[in-house]
Amino acid sequence: MQFGTRSCFKSVTAARAAALTAWLSAAAGEQTGLVSFGQQDLWLKPAAGKRGALSLCHILSQTATDLAAPTSLSDALERLRQLPQRPSRLLLISDGFALNANDEKALLAWRKHSQLALLGIADALEASPPASGRNPLRPPTRPLSLTPTGLQRDAFFQQMNQGQQ
């Protein structure tokens, strides 16, 4: 999730999606909470209305770039199962790179107890290989450019696709 070639990291896109979902839930009169597993575990107790949405947005504004997920989804779902309140609805926001073979079983088990929705986050570079020719990069230190050959572009795109399968 610490990757992005356009306007922001995928973790920031995920945070924006979570915030939008919180406001939609608040407008529908539902409670909103947050559980995030990554570099640090976050748990926000569900709250109704504006209070719940604002609390979630506050946490996201503080941690949006720290929402990397080094743990597997099945481990995160197991820890989520141990929380005092099990959610009746669960929206998983992920880029899919942390998935492993046990995750399908864990997701199917959750579907028995909660409404489950998945929101996949992807970057444009993951959908299609970089263009031929000069591609400018803007790291924090100094501008660089990437000029891949056709074979390099194809190899890069294959590796990106393998990571998401």
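Mentor: Before we start, contact here means heavy atoms within 4.5 Å. Also keep in mind that this is a predicted model.

Trainee: Got it! So which residues of α1 meet α2?

Mentor: On the α1 side they are A15, A18, A19, A22, W23 and A26. Their partners in α2 are G49, K50, A53, L54, L56, C57 and L60.

Trainee: What classes of residue make up that contact?

Mentor: There are 11 nonpolar residues, along with 1 polar and 1 charged.

Trainee: Can we zoom in on one residue? What does A19 touch?

Mentor: If we skip its neighbours within four places in sequence, A19 is in contact with L56, C57 and L60.

Trainee: Nice. Which residues make up the largest nonpolar core?

Mentor: That core has 10 residues: A15, A18, A19, A22, A26, L34, L44, A53, L56 and L60. Two elements, α1 (10-27) and α2 (49-63), each give two or more residues to this core. The largest share, 5 residues, comes from α1.

Trainee: What about a second core?

Mentor: A separate one has 9 residues, including L77, A106, L107 and W110.

Trainee: Back to α1. How far apart are its end C-alpha atoms?

Mentor: They are 26 Å apart.

Trainee: Which of its residues are buried?

Mentor: Quite a list: K10, S11, V12, A14, A15, A17, A18, A19, A22, S25 and A26.

Trainee: And what covers them?

Mentor: The cover includes β1 (31-36), α2, β3 (89-94), β4 and α5.

Trainee: What comes after the helix?

Mentor: Look for G29, which follows α1 and has a positive phi, near 80°.

Trainee: New topic: where is D123?

Mentor: D123 sits in the loop between β4 (115-120) and α5 (124-127).

Trainee: Is D123 buried or exposed?

Mentor: D123 counts as buried, because its relative accessibility is 6% and the cut-off for buried is under 20%.

Trainee: So what does D123 touch?

Mentor: Not counting residues up to four places away in sequence, D123 touches F3, G4, T5, R6 and K10.

Note on methods. Residues numbered from 1 in each chain as written. Predicted model: local features only at pLDDT ≥ 70, side-chain atom pairs only at ≥ 80, totals over all residues. Heavy atoms only, no water. Core = buried A, V, L, I, M, F, W, Y, C linked by side-chain atoms within 4.5 Å. Buried < 20%, exposed > 50% of the residue type's maximum accessible area, 1.4 Å probe, protein only. Helix = DSSP H or I, 4+ residues; strand = E, 2+ residues; numbered from the N terminus. Expected span 1.5 Å × (residues − 1). Nonpolar A, V, L, I, M, F, W, Y, C, P; charged D, E, K, R; others polar.
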